[in-house]
2 protein chains.
Amino acid sequence: MALKKYKKDYSYSYALGEFPTIELINSKPDKAIKVLVNSNYKGSKGQPDIYDFCKDKDIQTETNDKFFTRISPKENCYVIGIFEKYDLFLQEDKSHIVLVNPSNMGNMGTIIRTMVGFGINNLAIVSPGVDIFDPKVIRASMGAFFKLNFKYYNSFDEYKNSFPGHHIYTFMLNGASTIKDIKHNADQKFSLVFGNEAKGLDDSFLKEGTSVVIKHTNNIDSLNLPIAVGIAIYEFSKKNIY
Amino acid sequence: MALKKYKKDYSYSYALGEFPTIELINSKPDKAIKVLVNSNYKGSKGQPDIYDFCKDKDIQTETNDKFFTRISPKENCYVIGIFEKYDLFLQEDKSHIVLVNPSNMGNMGTIIRTMVGFGINNLAIVSPGVDIFDPKVIRASMGAFFKLNFKYYNSFDEYKNSFPGHHIYTFMLNGASTIKDIKHNADQKFSLVFGNEAKGLDDSFLKEGTSVVIKHTNNIDSLNLPIAVGIAIYEFSKKNIY
């Protein structure tokens, strides 16, 4: 295994930072290959440090300062968890988020953090879309990534045909229903579908399930994608969390 | 005026990109000093381009490719609006967002975009906090910045004493009320208060107005700040937008 800047075709990736690495160790210990610790690392007083977590799960640690400057020269990063990539599938008996052609890694990480925060742990990605294993996604998710089920689909139809029992809601600026008027039957699982950052969903999605708009003033063009997803998840998961 | 990378003590700043620059021209034309256009710039077919906007408001344009590589080497940026900084005050008869010690420029820009999107155009910042005139804030706001009223305060007390008529809601992980249970009197203006990205609000804020929690699962530490602000704004402004 070469310690190099991440590339999409690698069979492994990196969790950058102590917090995401602890999430890796707790949620996917069998996928952790090794944990690198910078010699400047200091744990929090009186709390278990990264060595304790690794010892507990029998994960190898290594001091290797050179790799830190190579991989995250600007950031305060003292711990890197190296892990093997894995395949997952989506749970049929749970609600999903569907991102069609997402293009921004930070946005995807923020969306994952919000999803996991509201108990929606299944993410479908319609290709082409950013690489979910990219360290930038994992870091922006604050490690919530390791609690997520995800799967790539070649087309929206392929996704839709895999989960015929889900009620589909497509979020569009010209959606037919406003989000506050949606009366979702809590017994049915839902799929909340969002388009690409720049282009949104095209009009063909008006015919899929129920199209929904989150209304805003004319003073902006559109909401930021993670904000729109966050508001939608909040509205739809209200009943489950509170 | 030196064309250099932005610094906080400059009396002017930059709107990077065509869309934010058009927002500058439309919302604060009297503050626009000059618009730089890259020689690779191409407007959208059949639509008014940046030259039309500038001509309409009598704003000088200049082709200057060198400055583009200096100021935003990585980004697809073909238009830069240079503008004079300005002082504003908050409207007493409107609701406010209050950010206590915000530390991330991208977050502040995203929050501004969401605020303007939901018709809340007044932002108080309790110092120390990031420089709202930094081009990174303006770019992340997609130019919504130019529709915003904002003001820095030396302390939360200074802000609070300036607006005794506002009902204060402090957003905290240990807030006393959950957001969905809040019954806000629509006749009264509100101030939604949020802490720093890393630390949140300290416990002294439990005594200010009504403390509120946006509940989430134990699978994450906290929501991302712009997501929390977005959900709060959405919930509080529901009545006004729909």
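Domain bounds, as I use them here, come from an automatic or database domain assignment. I also jot down at the start that this is a predicted model.

**Entry 1: the two parts.** I looked up how chain A is divided and found domain 1 (12–84) and domain 2 (96–241). Next I checked the spacing: the C-alpha centres of domain 1 of chain A and domain 2 of chain A lie 30 Å apart.

**Entry 2: where they touch.** How many residues of each domain are in contact? I found 15 residues of domain 1 of chain A against 10 residues of domain 2 of chain A. Together the two domains of chain A bury about 1,100 Å², with 61% of that on carbon and sulfur atoms. Which three residues supply more than any others of the area that domain 1 of chain A buries here? They turned out to be A:L16, A:E23 and A:F83, with 35% of that area.

Entry 3: A:E23 forms a salt bridge with A:K147, and their closest N and O atoms are 2.4 Å apart.

**Entry 4: the domain 1 side.** Here I looked at the side of domain 1 of chain A that touches domain 2 of chain A. Both β1 (12–16) and α1 (18–27) of chain A supply at least two residues to that side. α1(A) gives the most, with 5 residues. Sorting that side by class, I wrote down 8 nonpolar, 4 polar and 3 charged residues.

Key
Residues numbered from 1 in each chain as written. Chains lettered and ligands numbered in written order. Predicted model: local features only at pLDDT ≥ 70, side-chain atom pairs only at ≥ 80, totals over all residues. Heavy atoms only, no water. Contact = heavy atoms within 4.5 Å. Buried area = accessible area lost by both parts, 1.4 Å probe. Salt bridge = Lys/Arg side-chain N within 4 Å of Asp/Glu carboxyl O. Helix = DSSP H or I, 4+ residues; strand = E, 2+ residues; numbered from the N terminus. Nonpolar A, V, L, I, M, F, W, Y, C, P; charged D, E, K, R; others polar.
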